[in-house]
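Here are my notes for you to read with the model open on your screen. Take them one at a time and find each spot as you go.

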There are 2 protein chains.
Amino acid sequence: MSFLDHIRACNAHDLSGFRPFDVEGHRIGWIRHALADRLPEVDPGFVVTADRVTLAPELRDFEARSATLEHAAQFLVEEGAVKALRNEFYPVLPKWGAEPLMRIDRAAVAQFGVAAYGIHVNGFVRQDDAQPGGSLALWVGHRARDREVAPGQLDNLIAGGQPIGLSLAENLVKEAQEEAGIGADLAARAVPVGALSYVMETQAGLKRDTLFLYDLELDPGFVPTNTDGEVEKFELWPLDRVAESVRTTGDWKFNVNLVVIDFLVRHGWLTPEEPDYLDIVAGLRRPVQP
Amino acid sequence: MSFLDHIRACNAHDLSGFRPFDVEGHRIGWIRHALADRLPEVDPGFVVTADRVTLAPELRDFEARSATLEHAAQFLVEEGAVKALRNEFYPVLPKWGAEPLMRIDRAAVAQFGVAAYGIHVNGFVRQDDAQPGGSLALWVGHRARDREVAPGQLDNLIAGGQPIGLSLAENLVKEAQEEAGIGADLAARAVPVGALSYVMETQAGLKRDTLFLYDLELDPGFVPTNTDGEVEKFELWPLDRVAESVRTTGDWKFNVNLVVIDFLVRHGWLTPEEPDYLDIVAGLRRPVQP
């Protein structure tokens, strides 16, 4: 493994296996051909040609479009392609910040190749103030073994998908409390530091994810406490150990590797002397809109 | 103006006006058609077809290739397309970190559309330690009015092109001394924080630049002193003033806008609530290798 291998793994995909999903003139997703071909029988609202999937013009508003997508999500459960619906909904956006065209159950997002958004917070401790960037430690979460996604793997202090109806700041406060027992006052000290994106083909479909990144500096005495069962335990690791673990193992949740690599770049652990430096820096920022 | 406008301005170009310049199987530059067509008369080492410019196969080594490029650079001076050669040489690289294929006078880099590299250092002061990212100030250089490039415009504390034969760290020490009177010990505290890139068409040709970025935290009492005549004066500006100036004016050297915008993103001044946030973040990292 190398740092770049993790970035490549998160960007491995072949669009030729997918059909564009266009709504109201916006390309909002990518659907596997096999699923695309069956959608008209699931709901007559889906209009499927060899080139693309669209919605029938009479589906003019948010609710009508969302209902059609909900039928498709239920179909995926009946077929066994999706284990269960989450009843947690993601917005389907023509572009980040725009009005949602419809909503989609989180469990079906990848099946429709819809762009999804999330927040990841690096919880870090500065162990020696005299050395800027020199001696940092990062809080590492060990994901619970009963998780459907990445059981037992390593994670950020706080991370979560971005559901419809919450602002990023509200979601951050919610996730900080659930995942790390961090109150709103401390969560508000998280500094937004950028975003990363990737397009990854999975068994489910196409994950087109954008992660908003935050750094949260914590006091050396602070200890996080998980409250929602997602994390088995937290450990504070020196940045050297974090970097070595990311570089040489597959222990981290696939996309958390990228969050940590971005942290290593921004805090000067990864330097331009690294042969892959420019490919790493550019690779973290690929556009997710095809 | 907007933040995104500055990024767009640095990426405005139309490759149809240029012909690829390939050496040893690597695409190393882009040359305007009018110049490409005249190169065979300048030096028989240039092999020009309607599709591309290459070098004659007998030019097998660094010195032979560099001599041919030097003839072309002298030709550009004779024609008045370049004011004067700089006798400062940039490496021509198939990729950052690789062995140089040849060298080229800095004054002729854009005419050949060769990828160039540089360093930019944000010199900043933390004005209130209790507020992480909250209250920063940035040292701003006013470029001397006699500069050929961007006279009188605003600049970073330290910036410079990357000449052949120096490492980035060596170049940083050299430029820190020349531009800001900063010694090697303090310069070594600059933290590498990433890189940005752009491809910009100018009167000269195609600027394909990658800037390695550093943050250097300075004590509140420190005052920089320019020693090479490039900077008329330095001022310490609160980050709010810096951001407002970049957002609303054309006062800054074209590419320094991008360095500052990257700083604003990394330090949480620019937040995901900014409608252009994702376009800004991705726009700072476009690949310069076509």
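This is a predicted model: local features need pLDDT of at least 70, side-chain atom pairs count only at pLDDT 80 or more; totals for chains, interfaces and linings use all residues.

1. Start in chain A with helix α1 (residues 3-10) and helix α7 (residues 254-266), whose axes come within 9 Å and cross at roughly 135 degrees. That angle makes α1(A) oblique to α7(A). As for the handedness, α1(A) passes α7(A) in a left-handed crossing.

2. Which residues make that contact? From α1(A) you'll find A:Phe3, A:His6, A:Ile7 and A:Cys10, while α7(A) brings A:Phe254, A:Asn255, A:Asn257, A:Leu258, A:Ile261 and A:Leu264. Sort the residues where α1(A) touches α7(A) by class and you get 7 nonpolar, 3 polar and no charged.

3. Stay in chain A and look at helix α2 (residues 33-42) with helix α3 (residues 62-79). Their axes come within 10 Å and cross at roughly 110 degrees. Angles from 65 to 115 degrees count as roughly perpendicular, and α2(A) and α3(A) are therefore roughly perpendicular to each other. The crossing of α2(A) and α3(A) is right-handed.

4. On the α2(A) side, the contact uses A:Leu35, A:Arg38, A:Leu39 and A:Val42, and on the α3(A) side A:His71, A:Ala72, A:Phe75, A:Leu76 and A:Glu79. The class count for α2(A) with α3(A) is 6 nonpolar, 1 polar and 2 charged.

5. Now hop over to chain B. Here α2(B) and helix α3 (residues 62-78) pack at an angle of about 115 degrees, with axes 10 Å apart. So α2(B) and α3(B) are roughly perpendicular to each other, and their crossing is right-handed.

6. Who does the touching in chain B? B:Leu35, B:Arg38, B:Leu39 and B:Val42 of α2(B) meet B:His71, B:Ala72, B:Phe75 and B:Leu76 of α3(B). By class, the contact of α2(B) with α3(B) has 6 nonpolar, 1 polar and 1 charged residues.

7. Next, the place where the two chains meet. How many residues of chain B are in contact with chain A? There are 29 of them, and they touch 29 residues of chain A. The area buried between chain B and chain A is about 2400 Å², and carbon and sulfur atoms give 63% of that. In chain B, the residues that lose the most area to chain A are B:Pro272, B:Leu278 and B:Arg285, together 22% of what that side buries.

8. On to charges. Side chains of opposite charge can pair when their charged atoms come close. Across the interface of chain B and chain A there are 2 salt bridges. If you want one to zoom in on, A:Asp279 forms a salt bridge with B:Lys95, and their closest N and O atoms are 2.7 Å apart.

9. Over all chains, the count comes to 46 salt bridges. One for you to look up is in chain B, where the side chains of B:Arg38 and B:Glu41 meet at 3.6 Å, N to O. B:Arg38 and B:Glu41 both lie in helix α2 (residues 33-42) of chain B, 3 residues apart, or about one turn of the helix.

Key:
Residues are numbered from 1 along each chain as its sequence is written. Chains are lettered from A and ligands numbered from 1 in the order in which they are written. Side-chain values use heavy atoms; hydrogens and water are left out. Axes are lines fitted to C-alpha atoms, for helices over the stretch in contact, and angles run from 0 to 180 degrees between N-to-C directions. Helices (H or I, at least four residues) and strands (E, at least two) are DSSP runs, numbered from the N terminus. Angles under 35 degrees count as roughly parallel, over 145 as roughly antiparallel, 65 to 115 as roughly perpendicular and the rest as oblique. A crossing is left-handed if the near helix is turned anticlockwise from the far one by less than a right angle, and right-handed if clockwise. Contact means heavy atoms within 4.5 Å. Ala, Val, Leu, Ile, Met, Phe, Trp, Tyr, Cys and Pro count as nonpolar, Asp, Glu, Lys and Arg as charged, and the others, Gly among them, as polar. Buried area is the accessible area (1.4 Å probe) that two parts lose on being put together, summed over both. A salt bridge is a side-chain nitrogen of Lys or Arg within 4 Å of a carboxyl oxygen of Asp or Glu.
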